Amino acid sequence: MSLDSKNTADYSKIKHLYSNYKEITYPVLKDMFVAGLTRHGLSDEDDEFLDVTATILTKFHKDKTILPTIVDMIFFRNREGLFTHDLIWAFFQARDPYSLMLIANYLNSDDINDVKLACKLLDFVPSIDMNIEKDNKKQYMDFFNWLKENYSYLHFTGESYQRTSKPVPYIVALDAKYLCRQVSINTGKPFLPLTKRESNLLSRFYNLGEYKQLLLSKYSLRIYYENINLWKSWINHSITKQINIAESKL
């Protein structure tokens, strides 16, 4: 079975189970998940029950309260050599970028297996290096700063280990970051329509390479919060002058 077929089959199974559980109230379903924790890791069947229940709670009921428990289960299973992909998928279905800090906490673990998995799950973040010989505390702080800077501009892609060996579950909407316009986590688009002026700004921005887009979006956000009047002046310069100023300041 291909990865795409497996992903479709897994989702169909979840939808089928959800249709069976739809008459069950959320509190009862939550109790089922909590009860299942007592048998976590004892058998494939018990773990599959937890995986499906966790997915229903995070994806359909938008329950974020169980995310710390899910993360702990993921790292426990990893240490024991047990299957983790479906539980990882359930975790990311919450679409909550702040929950990534739960994974980042394991960068400071004394267990090398924890550190390796944390680096793997956060590998899509530029500040995370899969070289585990790096200073893990520095990686943790670099990740924290990256998340703090980009939280309002993150777009959930839906990529998972069911589809690729190196998923990128979140990407930064650089165009929105350049305009300092918060985006929807689901679409990556600003909540309100762009003005004509903003559209004109982006027509120049889109013609740039990735390096210059990264440069401008980072500098734009920084001065937007430091000095709004300076930002208004800078954003109205030609794109070439914007780049020159940004390069001289970053």
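Colleague: Is the crossing of α3 and α5 left-handed or right-handed?

Modeller: It's left-handed. The term applies if the near helix is turned anticlockwise from the far one by less than a right angle, and clockwise would be right-handed. Bear in mind that this is a predicted model, where local features need pLDDT of at least 70 and side-chain atom pairs count only at pLDDT 80 or more, while totals for chains, interfaces and linings use all residues. Residues are numbered from 1 along each chain as its sequence is written, and side-chain values use heavy atoms, with hydrogens and water left out.

Colleague: What makes α3 roughly parallel to α5?

Modeller: Their axes cross at roughly 15° and come within 8 Å. Angles under 35 degrees count as roughly parallel, over 145 as roughly antiparallel, 65 to 115 as roughly perpendicular and the rest as oblique, so α3 ends up roughly parallel to α5. The axes are lines fitted to C-alpha atoms, for helices over the stretch in contact, and angles run from 0 to 180 degrees between N-to-C directions.

Colleague: Which residues make that contact of α3 and α5?

Modeller: From α3 it's Asp51, Ala54, Thr55, Thr58 and Lys59, and from α5 it's Asp86, Leu87, Trp89 and Ala90. Contact here means heavy atoms within 4.5 Å. By class you get four nonpolar, two polar and three charged residues. Ala, Val, Leu, Ile, Met, Phe, Trp, Tyr, Cys and Pro count as nonpolar, Asp, Glu, Lys and Arg as charged, and the others, Gly among them, as polar.

Colleague: What about Lys62, buried or exposed?

Modeller: Lys62 has 59% relative accessibility, so it counts as exposed. Lys62 also lies in the loop between α3 and α4, and its phi is near 55°, a positive value in a residue other than glycine. Most residues other than glycine have a negative phi.

Colleague: What is the phi of Cys180 near?

Modeller: Near 60°, again positive in a residue other than glycine. Cys180 sits in the loop between α9 and α10. At 10% relative accessible area, Cys180 is buried.

Colleague: What puts Trp231, Trp234 and Ile235, the buried residues of α12, on the same side of α12?

Modeller: Those three are buried in helix α12 (residues 228-235). They cover an arc of only 90° around the axis, so they fall on the same side of α12. The arc is that of the directions from the helix axis to the C-beta atoms. The cover over them includes α9, α10, α11 and α13.

Methods: Buried means under 20% relative accessible area, exposed over 50%, partly exposed in between (1.4 Å probe, protein chains only). Helices (H or I, at least four residues) and strands (E, at least two) are DSSP runs, numbered from the N terminus.
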